[in-house]
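Please look through the sequence and the fold shown here, and then read the briefing that follows, which is grouped by topic.

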Amino acid sequence: MSVRIDEMDRKILGELQRDASQSLDEIAAKVGSSKTPVWNRIRKMREAKVIGQQTVVLDADALGFEACFFVLIRTSEHEAEWQAAFLKALRDHAEVQEAHRLAGDIDYILKVRVKNARAYDAFYQALISEVRVHNVTALLSMEEIKSTTMLPL
């Protein structure tokens, strides 16, 4: 289903990205509309899959997940069976927050959030026991400068 997004929709989406826990009344006031038209627009965008799941953003440091690693993976395996096993391994490990298949010298990059280096090593050992990889490079993030899920509407 395709939906046309106008300026009012963009304002609503901006508010939802900023804080999805706002009431319809709050969103309507901020975008200069009333509650019912805002609800109808939100419903329409949900049905069109413009709006996906709503979640809560947790503070990783406050929960003890102080280490963030970016893991660069090169593989010589490209068969469907290997890819299926690799994707299953990524889905099965909650430490993997993001995974991207890349063009260029590196095949995949993972964002892995763990409590410490020892926890990263346990993740690494588990991953390489489940799937064969040619080369793995782990980069420890020293400081998170910017992190957002917001799109530039």
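Gln54 is found in the loop that runs between H3 and E1, where helices (H or I, at least four residues) and strands (E, at least two) are DSSP runs numbered from the N terminus. The model is a predicted one, in which local features need pLDDT of at least 70 and side-chain atom pairs count only at pLDDT 80 or more, while totals for chains, interfaces and linings use all residues. Residues are numbered from 1 along each chain as its sequence is written, and side-chain values use heavy atoms, with hydrogens and water left out.

- Leaving aside residues up to four places away in sequence, Gln54 touches Ala20 and Arg46, where contact means heavy atoms within 4.5 Å.
- Gln54 and Ser21 are 33 residues apart in sequence, and their C-alpha atoms are 9.2 Å apart in space.
- Lys49 also lies in the loop between helix H3 (35–47) and E1, and Lys49 counts as exposed because its relative accessibility is 72%.
- Although Lys49 is not a glycine, it has a positive phi of about 70°; most residues other than glycine have a negative phi.

**Helix H4**

- Helix H4 covers residues 80–92, which makes 13 residues, and it reaches 18 Å from its first C-alpha to its last, close to the 18 Å expected at 1.5 Å a residue, the expected span being 1.5 Å times one less than the number of residues.
- The buried residues of H4 are Trp82, Phe86, Ala89 and Leu90, and they line one face of the helix, because seen down its axis they fall within an arc of 100°, taken from the directions from the helix axis to the C-beta atoms.
- On the face of H4 that is turned away from this buried side sit the exposed residues Ala80, Glu81 and Arg91.
- The cover over the buried residues of H4 includes strand E1 (67–74), strand E2 (96–101), strand E3 (108–114) and helix H5 (117–130).

How values were computed. Buried means under 20% relative accessible area, exposed over 50%, partly exposed in between (1.4 Å probe, protein chains only).
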